[in-house]
Amino acid sequence: MTHRPLEEPLRPVRPHPVEASWHRPPEPDEVDPAVLSALLQRHGWERRGGAAGRYGRWTPPGPGGGGTSLLVPESRAFPDSDDLLGEALVALTRSATPSAREVLVGLAVPSDEIRWWRDVPSGPAGSAPWVVEEQLRASARQMLLAGALATRARAGYYGARHRRAAAALLESVLVGSAAGGGRLTAFVPVGTGRQLAVRLHQALYAAREAIDYQRATGGMDAFDGAVEAGVSRELTEALIVLVRGTEGARIAVEWAPAAGVPEDCVAGVEPVEFSPGDLPALREAGARYLREEPSVPVRITGTVVRMRRSGPRGEGSVRLRVIAGAEVPHVRITLDEEDYRIAGHAHLVGLPVRLHGRLESRGGFRRLTGASGVAPVQVEEAERDRLMKSLQENLDFFEEACSGEDDD
């Protein structure tokens with residue numbers, strides 16, 4: 001018997017808290033002059049004089065910036081400081097310089113900035129193939145996801161574990177436009193994502209040290225210890241995507257000036273660099289993490305969403321939506337005839353089941369082996385009514401299945 005529920009609607013993506021406000025300047029009284037100056041300097045603006053002790057004159061980076069300047073007070077000690085800040089913020093809003101938007105983002109929501117650079121051969125007039133930008137964005141997202149996973153637990157390989165929580169953490173991250181396919185910046189709000197930025201910062205340096213050790217000695221032992229710093233197969237795969245096809249790549253984490261440097265981190269460190277020569281070590285480390293991550297004993301509670309067996313009797317395959325007991329959304333299980341019958345009855349009366357087993361790393365922690373002790377779980381009446389309603393709405397999707405593969 002196969003249960004094929006209707007497709008669930010896509011969960012709406014929550015906008016980054018700055019999306020609706022970056023294009024209008026913050027109020028001058030909300031801006032710390034020292035933070036504004038620090039952001040301007042970070043994003044390549046140059047200070048060109050100004051009244052010492054009162055204000056600085058800043059011009060944007062690159063050619064053609066000499067005609068534009070901002071007067072930024074050094075403190076609020078002078079009566080005209082709010083006026084100067086207001087004029088500077090309006091000028092930033094109207095500026096066509098890409099870095100002006102990045103400065104406004106940093107002012108609107110204090111954010112740690114993660115930057116990626118890829119040294120890729122450019123085409124005519126500095127152009128780059130479309131795929132280059134796609135590769136940069138893909139590797140950046142994979143790397144942020146690896147950092148988010150490391151905030152949940154330490155593992156050499158996560159597979160499907162913790163993905164939902166990690167993806168939710170990334171919803172507050174704003175990623176800028178890739179500059180020519182070679183540079184990208186992500187803004188990670190301090191309020192929701194500082195732990196992500198810290199973990200990724202530490203993991204990148206640990207990966208760099210482990211690669212250096214492997215290239216110098218041939219040993220992979222340093223990668224084992226690097227797991228505690230957040231290095232994983234997911235991170236090594238992201239680095240491979242970032243570096244492959246380039247002459248080298250760099251990643252830097254810069255802390256929000258408004259929030260200061262987090263504990264156990266330092267300011268002003270050089271970007272972490274990776275090169276094509278690091279790829280063999282990264283590939284070997286990823287394979288090692290995949291091979292050595294152990295299976296996990298679990299006690300899972302979940303609702304049956306699919307059942308299948310090849311005939312009217314004997315063992316069958318069941319798919320559970322996990323409610324508790326494991327940080328994965330679904331698992332597949334092979335049950336003997338009696339446990340399969342219990343699971344089917346529980347499903348028909350709208351009850352979840354609880355069982356023991358081992359979550360196997362092979363296949364990404366999506367399969368439970370050695371399942372035993374299958375038993376229905378009593379739930380509150382309201383939850384049972386919800387489960388029964390879901391069952392009734394999807395009765396048309398039950399069918400007898402005597403053969404064929406179970407799709408995920």
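# Exercises on a predicted model

Let's start with the sheet: strand β10 (residues 296–308) and strand β11 (residues 316–324) run antiparallel and are joined by 7 bridges. Strands here are DSSP runs of E with at least two residues, helices are runs of H or I with at least four, and both are numbered from the N terminus. This is a predicted model, where local features need pLDDT of at least 70 and side-chain atom pairs count only at pLDDT 80 or more, while totals for chains, interfaces and linings use all residues. Residues are numbered from 1 along each chain as its sequence is written, and side-chain values use heavy atoms, with hydrogens and water left out.

## Exercise 1: the barrel

Work out which strands make up the closed barrel, and which helix lies across them.

Step 1. Two strands pair if DSSP finds at least two bridges between them. The closed barrel has 5 strands, in the order β10-β11-β12-β14-β13, and its pairing is mixed.

Step 2. On average, neighbouring strands of this sheet are turned by 50° against each other, direction ignored. Axes are lines fitted to C-alpha atoms (for helices, over the stretch in contact), and angles run from 0 to 180 degrees between N-to-C directions.

Step 3. Helix α10 (residues 337–348) lies across β10, β11, β12 (330–335), β13 and β14, and runs at about 60° to β14.

## Exercise 2: around F365

Find F365 and describe its backbone, its burial and its ring partners.

Step 1. F365 is in the loop between β13 (353–360) and β14 (367–376).

Step 2. Check the backbone: phi of F365 is near 60°, a positive value in a residue other than glycine. Most residues other than glycine have a negative phi.

Step 3. F365 has a relative accessible area of 0%, so it's buried. The cut-offs are under 20% for buried and over 50% for exposed, with partly exposed in between (1.4 Å probe, protein chains only).

Step 4. The structure holds 2 aromatic pairs. Rings of Phe, Tyr and Trp (its six-membered ring) pair if their centres lie within 6.5 Å; planes under 30 degrees apart are stacked, over 60 edge-to-face, and the rest tilted. Y157 and F365 have ring centres 6.0 Å apart and planes at 35°, so this pair is tilted.

Step 5. Y157 sits in the loop between α4 (130–152) and α5 (163–170), so the pair ties together parts that are 208 residues apart in sequence. Y157 is buried too, at 12% relative accessibility.

Step 6. Finally, R161 lies over the face of F365, at 3.7 Å from the ring centre. A charge sits over a ring if NZ of Lys or CZ of Arg is within 6 Å of the ring centre and within 35 degrees of the ring normal.

## Exercise 3: how confident is the model?

What is the mean pLDDT of the chain, and over which residues does pLDDT stay under 50?

Step 1. pLDDT is the predictor's confidence in each residue, from 0 to 100. The chain's mean is 83, and 81% of its residues reach 70 or more.

Step 2. pLDDT stays under 50 over residues 1–18, for which the model has 46 contacts beyond four places in sequence.

Step 3. pLDDT is also below 50 over residues 394–408, a stretch with 34 contacts in the model beyond near neighbours in sequence.

How values were computed
Contact = heavy atoms within 4.5 Å.
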